[in-house]
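Reader: I'd like to learn how to read strand pairing and salt bridges in a model. Can we go through one together?

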Amino acid sequence: MSDSRQIDETLATAVRHQQAGRLGQADSLYRQILTIESDHPDALHLLGVTMILRNRFDAAVELISKAIAVAPTAAMFHYNLGLALASMGKWADAISSYRQAFELDPCHHMAAANLGDALKNLHRFAESEEAYRQALRLDPAQADVQNNLGIALQAQGKLSDAENAYRAALQINSEMVAAYNNLSRLRRQQNRFDEAIDFAKTGLRMSPNLVELHFNLGSALLATGRPEEAAGELELAVRLRPDHLPAINGLGQALKACGRYIDAMDAYNRVLSLAPDYTDAHVNKGILLLLLGDLAAGFREYEWRWRWPAFAAELSKYAMPLWDGSDLSGKTILIHSEQGLGDTLQFVRFAKMLKSRGAQQVILACQETLVELMKRVPGLDDVIARTAPLPPHDVQCPLMRLPHLLKTTLKTVPAEMPYIASEPSRGTRPWSIGVCWSSNANHPEGARKNLPLEKLAALGVLTPAHFHSLQMGPAAQELQTANLPFKVQDDTRQISDFSDTAALVSDLDVVVSVDTAVCHLAGAMGKPTFTLLPHDADWRWLVNRGDSPWYPIMRLIRQPKRGDWDSVIAQLLVELQKMRQ
């Protein structure tokens with residue numbers, strides 16, 4: 001028998017062993033061939049494949065590379081080299097190999113699919129999308145590829161297309177748990193949390209121990225105001241995978257919402273023991289410290305927010321050096337709003353302290369709707385909109401960084417009121433109450449902070465008090481259909497910015513508001529204010545307090561249990577009746 005025929009028969013026998021999972025016998029025969037013909041491309045390649053199956057990827061790369069050197073146009077050689085490289089995390093090299101395989105064999109749908117995977121791992125999502133689409137044009141019935149296409153699309157913000165891809169995967173394989181998991185994740189991103197819960201539960205019926213499903217379910221439950229249930233799901237996720245950092249961090253969030261502050265702190269610290277630079281855990285720990293009244297440590301940890309891409313991008317818009325808390329003598333400092341309207345109203349009080357640090361000029365860049373109002377704040381020399389060209393300045397600082405740099409504690413919160421003034425516009429009139437019942441509709445926590453307008457009906461016993469709406473946005477339309485036993489005068493059509501709102505507030509005797517910019521405005525103006533808070537209120541209101549160090553005249557009325565607005569209104573009614581006596 002000739003060497004060529006013997007090699008062919010040995011190769012065929014080796015392949016049968018390999019296909020049957022008898023890798024040792026296959027390995028031995030491939031090596032036997034290579035003793036006869038050291039550069040036999042198929043033996044080199046297939047021996048390399050056995051190395052992949054044994055997780056010996058370095059050896060696989062060496063063997064398959066030798067095979068390619070002998071037979072450079074064999075598409076399958078390049079494809080399997082890509083598999084070995086990808087298994088080693090060498091994504092860029094794997095991409096090159098998959099591209100070469102696909103160029104050599106444009107019908108190799110698995111080369112296109114794996115190319116998509118490698119590109120996705122490098123976050124090159126647009127290229128990944130195109131590779132997956134190439135694979136699907138060759139073979140549309142690939143559930144995994146449809147699912148991965150959805151991931152690439154979702155990462156690009158193409159949410160509708162991503163949903164179509166996930167659903168296409170389920171049409172191919174109705175029990176594809178990964179697609180249900182991704183649909184749950186997609187719905188969370190869209191703030192459609194009830195659907196996220198349903199998709200996660202469907203997946204868990206098929207795969208009860210899939211960590212990501214428990215994580216998605218717990219996260220969605222937390223977002224819908226069910227922190228006790230959320231904590232249970234997230235605890236299970238952590239038991240299944242003790243190093244799942246997002247789940248541990250999410251558990252901390254759920255425990256905080258349950259009022260289990262020590263356990264929440266333990267969760268954040270556990271994350272940081274595993275990953276000391278985990279930004280979300282630092283920020284959440286900071287917020288918890290602030291909630292518990294440790295402002296110095298809380299604001300220090302809260303500084304980690306600047307590592308979030310959106311915050312870093314915002315800060316990058318300012319070219320001048322970031323103020324570090326040093327002496328400002330003779331310098332101009334630009335302070336700029338970084339978050340919501342209420343945050344600007346609350347923290348602009350620190351401008352006056354910058355003058356005591358020697359600042360020659362303090363300039364504020366803020367939301368356009370606040371510009372005119374902010375011109376009345378002591379310590380500010382100029383106020384511009386954030387979108388306006390920046391005037392000359394020496395240093396700059398985000399507004400909410402000031403309490404950290406100024407080493408603020410509960411005892412040193414600047415609480416001299418009012419620090420925002422406005423002249424009354426209409427003179428005196430009967431006892432009047434301003435009401436605001438809804439916060440920012442787009443805020444992820446807006447729903448739990450919002451008061452159903454009909455709950456105010458109980459205040460009808462206060463007549464002949466006059467009620468005036470301070471509500472802006474879509475919720476203002478609720479007045480047209482609300483069934484209230486008294487009239488609420490709506491003057492908000494006169495409002496073009498917060499300076500107009502301040503004029504309305506000046507005419508009132510008292511303001512009743514949920515946690516939104518209106519309560520900060522009224523508090524900063526020194527107006528008697530009742531702020532109505534959900535059970536797990538924002539950090540700035542601290543815990544178990546009916547007063548606020550930020551606004552001494554303000555009174556806080558908290559839900560005694562989650563969702564209990566009736567008790568809040570009952571207490572509010574008692575407090576308002578006391579005021580009239």
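This is a predicted model: local features need pLDDT of at least 70, side-chain atom pairs count only at pLDDT 80 or more; totals for chains, interfaces and linings use all residues.

Reader: In which sense do strand 8 and strand 9 pair?

Author: Two strands pair if DSSP finds at least two bridges between them; strands are DSSP runs of E, at least two residues, and helices are runs of H or I, at least four, numbered from the N terminus. Here strand 8 (residues 510-514) and strand 9 (residues 529-533) run parallel, over 4 bridges.

Reader: What is the strand order in the open sheet?

Author: For its 6 strands the order is 7-6-5-8-9-10, with parallel pairing. Strand 7 (488-490) and strand 10 (554-558) are at the edges with a single partner strand each, so one side of each has no neighbour in the sheet.

Reader: Now salt bridges. Which side chain meets Arg562 in one?

Author: Side chains of opposite charge can pair when their charged atoms come close. The cut-off is a side-chain nitrogen of Lys or Arg within 4 Å of a carboxyl oxygen of Asp or Glu. Arg562 meets Glu228 at 3.2 Å, N to O. Arg562 is in the loop between strand 10 and helix 27 (565-580) and Glu228 in helix 14 (residues 227-240), so the pair ties together parts 334 residues apart in sequence.

Key: Residues are numbered from 1 along each chain as its sequence is written. Side-chain values use heavy atoms; hydrogens and water are left out.
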